[in-house]
Amino acid sequence: MRKPCLLFAGLITLGAGLPACGGGGSSGPPPETDDDFPLPLAMGRAPTPPMGWNSWNKFACSITETFVKQIADAMVASGMQDAGYQYINIDDCWSLADRDANGLLQPDPVHFPNGIAPIAAYVHDKGLKLGLYGDRGTETCGHRAGSQDHELTDAMTMAMWGVDYLKYDNCPDPGPNPGPIIEPRYETMRGALDMAEQASGQPIVFSICAWSFYEWANRLGQLQRTTTDIKNLWAPDPNSTETGSIMTSLKTNLPLAAYGGPNHWNDPDMLEVGNSIGGDPVTDVEYQSHFSLWAIAAAPLIAGNDLRNMTDATKAILTNKEIIAINQDAFGLQGVQVKQAGQQSVWAKPLNANGARAVVLLNEADAAADITVRFDEIGLRGGSATVRDLQALADKGSFNDSFTANVASHGTATLKIVGAEPPRPRSTAYLSDLTPIYAANGLGPIEHDLTNGGVDSGDGKPISIRGTAFPKGMGMSAPAAAIYRLGQKCTSFSAQVGVDDSSTGGAGTVRFQVIVDGDVLFDSQNVDGMMPAMPVTVDLTGKRRLKLLVTNADDGNALDRASWGDAKVECDP
Ligand code: GLA
């Protein structure tokens with residue numbers, strides 16, 4: 001039951017200066033059993049990646065009240081709602097360019113003659129939620145009224161209408177290096193949404209659309225666009241200066257994986273699945289890849305096609321519950337590419353069950369190819385594991401050490417592999433000698449006993465922090481994360497952390513954190529290459545999972561070579 005909206009009458013208009021606040025939510029306490037899993041679902045406005053539909057990709061400004069209601073009907077009738085889709089998001093062009101005499105946003109009287117509230121009521125009656133579009137500037141990208149200097153008014157207006165989700169855009173184009181200019185505008189709306197929720201009881205998911213990743217946006221929004229606009233193309237057209245495509249969004253989003261998680265998802269933009277009917281030539285094989293890769297990347301699944309008129313293939317892709325389950329998995333990790341060989345790659349994401357991994361084998365070549373995943377590449381021990389094909393919804397059986405599939409050109413195999421977690425560490429164990437269950441890095445793979453060099457494996461130098469050499473340790477590039485299982489048998493973690501001397505004389509700035517069973521137990525704050533190695537010791541008694549996290553220190557990731565010298569755990573023999 002929704003609480004009624006209080007307090008609309010006394011609205012005030014605020015500019016910058018509302019308090020900032022966090023995206024909310026935490027992963028909650030660890031389970032009390034001896035098993036590592038399952039973890040409970042996080043709290044907050046978006047504990048799993050939001051799922052829904054948005055009008056922009058296919059329909060742009062051709063939207064009306066009747067049309068939106070038809071889409072809501074189709075969301076239910078097509079089985080999309082049953083598969084987990086929730087939000088009906090109206091994008092740009094729903095409002096007029098001018099505010100009314102009271103300074104309020106005005107729904108377009110021709111296309112939305114009854115305003116937004118009846119549409120919200122209509123979708124709520126169906127058990128769905130309504131999303132709306134706004135902009136941090138003076139006008140939206142479609143030249144409608146923006147919310148700058150009207151943030152609280154607009155947040156209260158939307159809460160009163162029953163809006164559940166706000167996509168907040170970034171027009172007028174702020175130009176190069178806009179971060180410090182636009183951050184206060186998004187912060188102001190974040191504060192306004194919180195005040196509106198306090199006054200009305202209406203929580204609104206904040207979907208930041210600033211076309212590029214920002215650390216502040218990771219803190220402010222439940223999701224943030226990490227890319228420019230996706231286009232309904234598999235890869236960029238070589239004859240065009242336009243770079244948007246499915247592969248472009250996927251690859252721009254990939255190095256940011258360490259930042260993804262409950263209530264702060266990375267958003268590589270909305271789905272194009274099913275948008276090629278009579279249009280750009282993206283095949284169903286490519287759409288399946290698009291969907292599987294968005295699923296494993298823990299990307300918001302926001303369809304953009306005409307739900308009233310879907311082919312069987314489109315519907316089957318969008319409503320595949322086993323692939324959706326890997327996206328919605330409560331462990332909340334953004335899957336990463338764990339291996340690339342030419343135009344074939346292996347992507348993996350640990351799932352919320354012992355030994356369970358989602359895996360996508362991607363073939364970007366123009367001809368079919370065999371792709372092999374070795375179980376030790378996805379953070380499992382070698383040996384036996386079962387494999388299920390999530391596209392065919394068929395068990396493939398039990399396999400030893402590896403699994404190979406023949407994958408069509410631009411196609412994927414989407415798999416669930418269940419094997420044995422790597423052994424827990426014993427005695428004094430250097431992390432560089434262990435298998436992490438998850439490893440995400442800003443530049444190529446995390447290096448063991450070397451600094452992070454470039455994109456290739458093993459291309460770093462010996463670890464050195466302000467002249468102190470460390471023969472053992474982990475070399476990362478921000479943003480990076482690695483997770484190790486402890487099996488409740490370890491007592492401490494220790495390391496000496498700092499910007500590596502290989503980072504052009506230590507020119508980067510990073511922040512190191514040690515997160516144990518969801519709690520941050522060490523935080524270096526921002527460190528730069530002028531600082532000597534900082535010692536870290538963390539108690540691990542009775543704990544299950546150790547996560548090392550390196551972030552960009554709010555200044556981008558240039559030269560952010562982050563080394564964990566001498567990183568080790570002390571455990572039972
Ligand atoms: C920007 C956004 C798109 C869409 C349009 C609407 O380009 O990135 O997703 O919302 O504006 O004008």
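First, some housekeeping. This is a predicted model, where local features need pLDDT of at least 70 and side-chain atom pairs count only at pLDDT 80 or more, while totals for chains, interfaces and linings use all residues. Residues are numbered from 1 along each chain as its sequence is written, and side-chain values use heavy atoms, with hydrogens and water left out.

Let's start with helix 4, residues 117-125. Helices (H or I, at least four residues) and strands (E, at least two) are DSSP runs, numbered from the N terminus. Which residues of helix 4 are buried? They are Ile-119, Ala-120, Val-123 and His-124, where buried means under 20% relative accessible area, exposed over 50% and partly exposed in between, with a 1.4 Å probe and protein chains only. These residues sit on the same side of helix 4, because they cover an arc of only 135 degrees around the axis; the arc is that of the directions from the helix axis to the C-beta atoms. Their cover includes helix 2 (65-77), strand 2 (87-89), strand 3 (129-135) and helix 5 (151-161). Just after helix 4, you can find Gly-127 with a positive phi of about 80 degrees.

Now follow helix 5 to its partner, helix 6, residues 179-200. Their axes are 8 Å apart and the angle is about 45 degrees, with axes being lines fitted to C-alpha atoms over the stretch in contact, and angles running from 0 to 180 degrees between N-to-C directions. The two helices are therefore oblique to each other; under 35 degrees counts as roughly parallel, over 145 as roughly antiparallel, 65 to 115 as roughly perpendicular, and the rest as oblique. The residues of this contact divide into 10 nonpolar, 2 polar and 3 charged. Here Ala, Val, Leu, Ile, Met, Phe, Trp, Tyr, Cys and Pro count as nonpolar, Asp, Glu, Lys and Arg as charged, and the others, Gly among them, as polar.

Next, helix 8 (residues 246-253) and helix 9 (residues 284-296) cross at roughly 15 degrees, their axes coming within 11 Å. That makes helix 8 roughly parallel to helix 9. Ile-246, Met-247, Ser-249 and Leu-250 in helix 8 meet His-290, Leu-293 and Trp-294 in helix 9.

Finally, look at Asp-280, in the loop between strand 7 (265-267) and helix 9. Asp-280 is partly exposed, at 38% relative accessible area. Leaving aside neighbours within four places in sequence, Asp-280 is in contact (heavy atoms within 4.5 Å) with Asn-232 and Leu-233.
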